[in-house]
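Keep the sequence and the 3D view side by side.

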Amino acid sequence: MSSSPLSKKRRLSGTETKTGSHCSSSNSVRTDLSHTPANGMAKNGNDAEIDEGLYSRQLYVLGHDAMKRMQNSNVLISGMRGLGVEIAKNVILGGVRSVTVHDQGVAEWRDLSSQFYLREEDLGKNRAEVSQPRLAELNNYVPVTAYTGALNEDYLTKFQVQVKVKALSLADYCRHTWSLYLLLFCDFGEEMIVYDTNGEQPLSAMISMITKDKQGVVTCLDEARHGFESGDYVTFTEIQGMTELNGCQPVEIKVLGPYTFSICDTAGFTDYVRGGIVSQVKMPKKISFKSLSSSMAEPEFLMTDFAKFDRPGQLHVGFQAIHAFQKKHNNLPAPWCQTDGDELLTLAKEVNSAQTGSAKVEQLDEALMKKLSYVAAGDLAPVNAFIGGLAAQEVMKACTGKFMPIMQWLYFDALECLAEEEGVTLTKEECAPRNCRYDGQIAVFGTKLQDMLAKQRYFLVGAGAIGCELLKNFAMIGLASGEGEVIVTDMDTIEKSNLNRQFLFRPSDVTKMKSDTAAAAVKQMNPSIRITGHQNRVGPDTERIYDDDFFESLDGVANALDNVDARMYMDRRCVYYRKPLLESGTLGTKGNVQVVIPFLTESYSSSQDPPEKSIPICTLKNFPNAIEHTLQWARDEFEGLFKQPPENAMQYLTDPKFMERTLKLPGAQPMEVLEAVYKSLITDCPHSWADCVAWARNHWQCQYSNNIRQLLHNFPPDQLTSSGAPFWSGPKRCPHPLEFSTSNELHMDYIMAAANLFAQTYSLPCSTDRAAVVKILQEVKVPVFTPRSGVKIHVSDQELQNSNSSVDDSRLEELKTRLPSSESFQFKLNPIDFEKDDDTNFHMDFIVAASNLRAENYDIPPTDRHKSKLIAGKIIPAIATTTAAVVGLVCLELIKIVQGHKKLESYKNGFMNLALPFFAFSEPIAAPRHKYYEIDWSLWDRFEVTGLQASGEEMTLRQFLDYFKNEHKLEITMLSQGVSMLYSFFMPAAKLKERLELPMTEIVTKVSKKKLGKHVKALVFELCCNDLSDEDVEVPYVRYTIR
C-alpha cells in the first residue's frame, strides 16, 4: 500500500452478519490519498469547484479544505445488504470522487428488512446491480458503478478507500451489526495526521494584560471566559507594546483560570501597553493505531453507556464466539434456539479462557451470551442506520483527516428493546422466516411485534433531513403497513440545498412539496406503508385540523422540526393528549435523542437550553468588535430598509386603524414609525432607477462616512474616560470614515445590491449594468456633512434605557397632517423577506457588502460570503451521517414504545458528537412529582371536570368554584384560560357578581373576545388554590369538557 499525505496505512474493518452461509461481513476501509485519475468525473477532483448551493450545510461542518480532500477519494463499498447500502448512501451524499458498489450475492427476503433500495421484484437479482441506479440518483456529482466480479489486488488499487461488508476471516472483521448488537473497529495505520480534532470554530478573546516573565501570563477581558484548554495553541494580533507576539508562530498555553493562561518566555519582550486579540490555532495532531491482532488482545474501548460499564468487554468475547460458531457451522445461531444458545455460551467460555491480555473477562455474563445467540441472525434497519452513520463518518475522517477517529473499539447494544420481564423468551416457531420482507426483524422480536407495528397510527411533524430518515426507517420496520397510518406534515417546498441530506428528494423534485414527495418515495421502498402527506404548519392556527379527534386517534408523535417553538408546541399537545413523543435534533456532528413517555418521563419542555446571548444594542450601533456584530448590524439594516418601512407604509395606506394603533405605542416609537412612513412615501420615494441609485449612494455616505465622523466628533481617538483610561480601548475599536470610490469593488457591490432591493420595494425596473450605474453615480450630488455638537450617543445599553426619549408633539402632528392619503398614492410597496439561499436576489450581496464595509470602518477582518451566510442566515450546519445515526436511535425507542415498555430504565436518551467522538446514553429523567394533601401528581395528571350537568345546562363559575371546594377541598383564588383571567379573589365586587352566575364558556368568550370553534371539545384552565389551612398549594390544570 503506497503511503498518503494523511496516513501510511488506514484500515477500518467490520461485519454485517445475516442468516445462512457466507453471510458474515467484514468491512475494511483502506485509504490511499495519492492522486489517481478522475475516471471520467468532471466535477470532483483536485480542480473541482465545490457546489456551495448543494453542499452548503455540510460545508459548515467539514470546511472547504476537507471537502476538497474528500472529492479526491474513490471509494469501494463491498456488500450491499442493509448496512452496506446505508454506508453507501451517506458517503455518496457526502460528495466523494466516485463510489463503486460490489456484491456477488443476490437479493433474498431477509435483505428487505433493512436494504431500502431492494424491492420484492428484485429477489434473485444481484444486490449491487439493483442498488447502483438508485444510489446514483443521490448525488449527480458522484458517479456510482456496480461491480460483481472477484476482488483482487489489481482491482483494489483503483480505490483510496475500501469498505468491505463481506464474509472474510476473523482477522479482517471490524464493523458488525447483529440485530441489537454492533461493533465498530478502526485502524488507520501507525501514523495518521488529524488536522482538526473537534470541528469547533477557533476561539478568540480580547486581552487586557500580558506580564513579562519566564512564563508570561495573559489576562483576558472579563466580559467572557476565554474557553481555552491547556495544550491549545494560540497566536496574537493588534497588541500595542509587546509587538513581538503579533503574528508569532503558534504558542502552546497552560490555562491558569477562566480569564488567564500562561505562554512562552516574555521576559525579554517590550513592555505591554494595551489591546490585542488572542486566537486559537488548530494544530495537526499525529495519532497511531494498534493493529487488529494486537488490539484484539489489548482492546481500547470507547464507552457509549456508563450504565453498562462492563458490557464492551463481554461483547468483545461474545463477538469472537459468534465468529467461532459461524466458522464451525457455516451459519449463525438460529433465532431463539436454546441448543444454539448453549453451544455459543460454551464457545464464549473457550474464547475467554484462551485470552491472554486485558481482553479476558473475570466473569462471563452467561445470560448476555445466550441473548447474543438468540438474536444474531436478525437484521434491524434502525441499528444499521446508527452504525451506518458512524461508519460513513469514519470513512470521511479517513479521507480528510477532519475529526478524531474512534480509538479503537466501539460496542453498542440495545437489549432494552427485548421484553422487559426477566426470563421471557420467544420460540423458534415465532421467529422463523416467513419469506416476507420483515424476516430479519421477526428473527429478533417474533410476529407479535410485527402485527402491532402494522397497526400504529403516527404523526410525523417535518419532512426535512430527520423526517426523511424517519420515514425510511418506518417503511423498513413495517410501521403502519396494515391498518395503521403515518401522517406527515411539512409546509415547505424542496430546495437545492436540501438534496445533500434529505435523501428522499432528487433534483427534479426542487420546488415540490416535501411531505408529498417524501411519502411517494417511501411507498417505493415499501408499498405496504399507509402514508398521507399534509402541508400544514402545526400551531394554534391548525387546531381545527389537528383537533381532539385527530390526536386521540394517534399512537404517538415523532418530531422532525428545526425550531424550539414548534417543538414546545408539539410537546404541550402530547402532554395534553398523553401521547408518546420522539424528539431528536442535530447540529453538525452533534445529535440528541429524547423520548417522552406519558406518566413516566419529564416532557421536552421540562428542561430548556439557556437562551442565546444577545449582542448589546450599543455594541451593534456604535462599538462593534467582531464580524458577528457587523453581520447582525447588516441584517438589521436589511429589515430596517427593505422590509419594515414598506410594510408600515402599506399598512398606513390600507389599514384605517394603523394610525390609531401606532399612536398607542410606547415612548418614541410612534415618531419613529411615522417618520419611516413619511420617508417611504414622500422624501425617499423614487420614480426611476436613477433615483434608486442616488438613494443607495446617499445611504452609503450616511452609514460609512457621516455617522462615523459624528461618532468621532463625540468621542475623538484620543478621548479619555473619567478614570483617565483611553475611551477607545478594550472592546471599543476606534473607527475611521470611508471615502466612496466607483473603482472599489466592495463599494459598487453595495450600491448595486442596495439600489436593486430599493427598486424592488417600489416595483421599479432593476439593473445589473455596473458601467451604467457608474455613470449615474457621477451625476449624484452628495450633501456636504458637518458633525454637529449636542448629538447624544449612548455608550451602554444601561445608559440607553435610562435616557428619557422625549417626543416632539408638534413634529408628530406635522407628520400626521403631511402624510398623503391612500387615494393620492399610486405605488404598491413590496416588503422583502430575507432569503439567504437565492444567489440572484441581491439579499446576501447586500448583507456581505454592508457587513464588510462596516468591518472596514472598525478595522475588523472581513469575511467571505460563505461564512456571512452562516451567521446572518442563522444556518444550522448539518451532515447526513449524524442524521442517519440519530434517527436509528429514535427508531429503537419507537420499538420499545410499541411494545409498551413501562420501566424508566428501558428507555434511553442519547447524545453524540461524531467529531470527538463522544457518545452518552442515559435513562430519561422521571416526571417530577408534586403533592397537595396526600395526593401525588405530575405534569401528566389533571382534574377532569365535565361542564355539562345532568340537567343539560352548563356549569356556572359559582358551581365550578363550589365543585373544587366540595370535591377537592381546594379554594380557587385565581382561574385563567390561556392569557385570559376568568376569576380572581381581588376582582371588583360588581364584576364578580356578574360572572358568578355565567356559564364557564360564556365567560371565556367574553374575556378572550374569541368564539369557541366547533372543533373544541374541552378547555384548559389553570388554577391557583389554597388548601383548608389557607396555604398556597400547587395543583394540576383542569380539563373542562364542554362537548
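What follows moves from an annotated site to the salt bridges and then to a charged surface patch.

The model is predicted. Start with the annotation. An unreviewed UniProt entry places the feature "active site" at Cys618. Cys618 sits in helix α16, which covers residues 617–621. Is Cys618 buried or exposed? Its relative accessible area is 5%. Buried means under 20%, so Cys618 counts as buried.

Now turn to the charged pairs. Side chains of opposite charge can pair when their charged atoms come close. The structure holds 55 salt bridges. Three of them are traced here, among the 55.

Begin with Lys212 and Asp271. Their side chains meet in a salt bridge, at 2.9 Å from N to O. Lys212 lies in the loop between β9 (204–210) and β10 (217–220), and Asp271 lies in the loop between β14 (260–262) and β15 (277–281), so the pair ties together parts that are 59 residues apart in sequence. Lys212 is partly exposed, at 39% relative accessibility. Asp271 is partly exposed too, with a relative accessible area of 48%.

Next comes Glu416 with Lys308. In this salt bridge the closest N and O atoms are 2.6 Å apart. The pair links distant parts of the chain, 108 residues apart. Glu416 is in the loop between β18 (409–413) and α11 (439–454). Lys308 is in the loop between β17 (301–302) and α7 (311–329). Both partners are buried: Glu416 has a relative accessible area of 16%, and Lys308 has one of 11%.

Arg573 counts as buried, at 11% relative accessibility. Glu543 is partly exposed, at 21%.

Salt bridges also join into a network. Arg57, Asp837, Asp839, Asp845, Arg865 and Lys869 are linked in this way.

Finish at the surface. Which residues gather in a patch of negative charge there? They are Glu971, Asp1030, Glu1031 and Asp1032. Asp1032 is found in strand β33, residues 1032–1033. Its relative accessibility is 66%, so Asp1032 counts as exposed.

Notes: Residues are numbered from 1 along each chain as its sequence is written. This is a predicted model: local features need pLDDT of at least 70, side-chain atom pairs count only at pLDDT 80 or more; totals for chains, interfaces and linings use all residues. Side-chain values use heavy atoms; hydrogens and water are left out. Patches are made of residues with over 30% relative accessible area and no salt bridge: like charges are joined within 9 Å, nonpolar side chains (Val, Leu, Ile, Met, Phe, Trp, Tyr) within 5 Å. Accessible areas come from the Shrake-Rupley method with a 1.4 Å probe; for residues, only the protein chains shown count as cover. A salt bridge is a side-chain nitrogen of Lys or Arg within 4 Å of a carboxyl oxygen of Asp or Glu. Lys and Arg count as positive and Asp and Glu as negative; His and the chain ends are not counted. The place of a charge is taken as NZ of Lys, CZ of Arg, CG of Asp or CD of Glu. Helices (H or I, at least four residues) and strands (E, at least two) are DSSP runs, numbered from the N terminus. Buried means under 20% relative accessible area, exposed over 50%, partly exposed in between (1.4 Å probe, protein chains only). UniProt positions are given in the numbering used here, feature names are shortened, and annotations may be inferred rather than shown by experiment.
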